[in-house]
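This report goes through one protein model, part by part. Please keep the sequence and the 3D view at hand.

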Amino acid sequence: MTIIEPSIDSLLEQTDNDSFLLCAIASKRAHDINDMMRGQRERAIQLSSAVEIAKATDKKALSMAFEEVSRGEVSYDPATIDAKVH
């Protein structure tokens with residue numbers, strides 16, 4: 001699997017060129033998106049709307065998270081990161 005869009009360079013720019021931080025931020029955001037999508041599916045099923053279900057499952061959560069990171073919509077507070085410089 002490769003990332004085509006957004007480019008890895010634009011993603012790394014948002015996380016100070018730290019690939020581990022990028023992975024952590026994107027996975028956390030993807031988890032949040034999955035939780036939201038799960039709620040949307042349950043609501044759509046209750047409404048019996050196939051259109052809403054299709055919209056909610058159109059993209060993978062991790063792809064959506066990477067796009068949000070690239071656009072600068074997902075950020076982090078460097079003061080909360082416990083990182084030791086070696």
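## The loop between α1 and α2

Asn 17 is exposed, at a relative accessible area of 61%. Exposed means over 50% relative accessible area, buried under 20%, and partly exposed in between, with a 1.4 Å probe and protein chains only. Asn 17 sits in the loop between α1 and α2. Helices are DSSP runs of H or I with at least four residues, strands are runs of E with at least two, and both are numbered from the N terminus. The phi of Asn 17 is near 55°, a positive value in a residue other than glycine. Most residues other than glycine have a negative phi.

Asp 16 lies in the loop between α1 and α2 too. Its phi is near 55°, again positive in a residue other than glycine. Asp 16 counts as exposed, at 58% relative accessibility.

Is Thr 15 buried or exposed? Thr 15 is buried, with a relative accessible area of 1%. This residue is likewise found in the loop between α1 and α2. Leaving out residues up to four places away in sequence, Thr 15 touches Leu 21, Leu 22, Ile 25 and Tyr 76. Contact here means heavy atoms within 4.5 Å.

## Basis of the model

The model is predicted: local features need pLDDT of at least 70, side-chain atom pairs count only at pLDDT 80 or more, and totals for chains, interfaces and linings use all residues. Residues are numbered from 1 along each chain as its sequence is written, and side-chain values use heavy atoms, with hydrogens and water left out.

## Overall make-up

The protein chain has four helices and zero strands. Its elements run α-α-α-α from the N terminus on. Of its 86 residues, 24% count as buried.

Among contacts with a separation of 6 or more, 64% join residues 24 or more positions apart. The accessible surface of the chain comes to about 6,600 Å². Carbon and sulfur atoms hold 54% of that surface. Areas come from the Shrake-Rupley method with a 1.4 Å probe; for residues, only the protein chains shown count as cover.

## Nonpolar cores

Which residues form the largest nonpolar core? There are nine: Leu 11, Leu 12, Leu 21, Leu 22, Ile 25, Ala 26, Phe 66, Val 69 and Val 74. A nonpolar core is a set of buried Ala, Val, Leu, Ile, Met, Phe, Trp, Tyr and Cys residues joined through side-chain atoms within 4.5 Å. Two or more residues come from each of α1 (8-13), α2 (19-47) and α4 (61-71). α2 gives the most, with four residues.

Ala 26, a member of the largest core, is in contact with Leu 62, Ala 65 and Phe 66, leaving aside its neighbours within four places in sequence.

## Helix α4 and its end

In α4, the residues Ala 61, Ala 65, Phe 66, Glu 68 and Val 69 are buried. Seen down the helix axis, the buried residues of α4 fall within an arc of 160°, so they line one face. The arc is that of the directions from the helix axis to the C-beta atoms. Just after α4, Gly 72 takes a positive phi of about 80°.

Asn 34 belongs to helix α2. It is partly exposed, with a relative accessible area of 33%. Asn 34 and Leu 62 are 28 residues apart in sequence, and their C-alpha atoms are 8.9 Å apart.

## Salt bridges

Side chains of opposite charge can pair when their charged atoms come close. A salt bridge is a side-chain nitrogen of Lys or Arg within 4 Å of a carboxyl oxygen of Asp or Glu. The count by this rule is three.

Arg 29 and Glu 68 meet at 2.5 Å, N to O. The pair links distant parts of the chain: Arg 29 is in helix α2, Glu 68 in helix α4, 39 residues apart. Glu 68 is buried, at 12% relative accessibility.

Asp 32 pairs with Lys 28, their closest N and O atoms being 3.2 Å apart. These two are four residues apart in helix α2, so about one helical turn separates them. Asp 32 counts as partly exposed, at 27%. Glu 73 and Arg 71 form a salt bridge at 2.9 Å, N to O. Glu 73 is exposed, at 51% relative accessibility.
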